[in-house]
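The questions below ask how the labels on a structure follow from its values. Each reply sets a value beside a cut-off and draws the conclusion.

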Amino acid sequence: MGLGEKLRMLRHLEGHLRGLQREMTQTEVSKAIRAELKKTISQSYLSQIESGARPHLSHGTRQLLAQFFKVHPGHLVSDPPGFQTELSSATAPVEDRLDRWLLAGAASLRHDPPLSAALDRLAAHADSRSCLVLLGEMLAMPGLIDRLSDTLIPKERT
């Protein structure tokens, strides 16, 4: 995972952790850093990092972003090819690991708003595991998903 993608994912997760039910914007991150840490980083600088125009961070910027997002500074580098990017512990409850995985998926699929929103809603559900098990059962029933889709999702939204 590249540095820009990591920063986008952290903004997404931080927004949900703060109860926004969406990712924090670059401007919101910039303002929150100023308000909470009494340091500055511009929205345009965050944009350059995310777009890949600035593929590396200075030591000070890495420390600042790590402090704000509460991650190890070493996380804020691009991973080498094939590097394992799973951040959760195998000992964490299944529901917690699943919800983090769903939120990470939603962040990485933000270019597809309906799919990203669906993953966000699933992660926010109190029992996301049961929701996925139920979906699996529904998929096993011939024609059910097609009938539900025709009823619940207007063609212009897909």
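Labels and their cut-offs

The place of lysine 38 is in the loop between α2 and α3 (43–51). This is a predicted model, in which local features need pLDDT of at least 70, side-chain atom pairs count only at pLDDT 80 or more, and totals for chains, interfaces and linings use all residues. Residues are numbered from 1 along each chain as its sequence is written, and side-chain values use heavy atoms, with hydrogens and water left out.

Q: Why does lysine 38 count as exposed?
A: Its relative accessibility is 67%. Exposed means over 50% relative accessible area, buried means under 20%, and partly exposed lies in between (1.4 Å probe, protein chains only). Lysine 38 therefore counts as exposed. Lysine 38 also has a positive phi of about 60°, although it is not a glycine.

Q: Which value of phi does glutamine 21 have, and where does glutamine 21 lie?
A: Phi of glutamine 21 is near 60°, a positive value in a residue other than glycine. Glutamine 21 sits in the loop between α1 (3–17) and α2.

Q: What makes glutamine 63 partly exposed?
A: Glutamine 63 has a relative accessible area of 35%, so it is partly exposed. This residue lies in helix α4 (residues 59–69).

Q: How many helices and strands does the chain have?
A: There are 8 helices and 0 strands. Both are DSSP runs, numbered from the N terminus: helices are H or I with at least four residues, strands are E with at least two. Along the sequence the pattern reads α-α-α-α-α-α-α-α. Of the 158 residues of the chain, 33% count as buried.

Q: Why are α2 and α4 called roughly perpendicular?
A: The axes of helix α2 (residues 26–37) and α4 cross at roughly 85° and come within 11 Å. Axes are lines fitted to C-alpha atoms, for helices over the stretch in contact, and angles run from 0 to 180 degrees between N-to-C directions. Angles under 35 degrees count as roughly parallel, over 145 as roughly antiparallel, 65 to 115 as roughly perpendicular and the rest as oblique. α2 and α4 are therefore roughly perpendicular to each other.

Q: Which residues make the contact of α2 with α4?
A: Val29, Ala32, Ile33, Glu36 and Leu37 of α2 meet Leu64, Leu65, Gln67, Phe68 and Phe69 of α4; contact means heavy atoms within 4.5 Å. They divide into 8 nonpolar, 1 polar and 1 charged.

Q: What makes α7 roughly perpendicular to α8?
A: Helix α7 (residues 128–139) and helix α8 (residues 144–152) pack at about 110°, with their axes 8 Å apart. That angle makes α7 roughly perpendicular to α8. Leu135, Met138 and Leu139 in α7 meet Leu144, Ile145 and Leu148 in α8.

Q: How do you know that phenylalanine 68 and phenylalanine 69 form an edge-to-face pair?
A: A search of the whole structure finds 1 aromatic pair. Phenylalanine 68 and phenylalanine 69 are 4.9 Å apart centre to centre, with 75° between the planes. Rings of Phe, Tyr and Trp (its six-membered ring) pair if their centres lie within 6.5 Å; planes under 30 degrees apart count as stacked, over 60 as edge-to-face and the rest as tilted. The pair is edge-to-face.

Q: Are phenylalanine 68 and phenylalanine 69 buried or exposed?
A: Phenylalanine 68 has a relative accessible area of 2%, so it is buried. Phenylalanine 69 has 6%, so it is buried.

Note on methods. Ala, Val, Leu, Ile, Met, Phe, Trp, Tyr, Cys and Pro count as nonpolar, Asp, Glu, Lys and Arg as charged, and the others, Gly among them, as polar.
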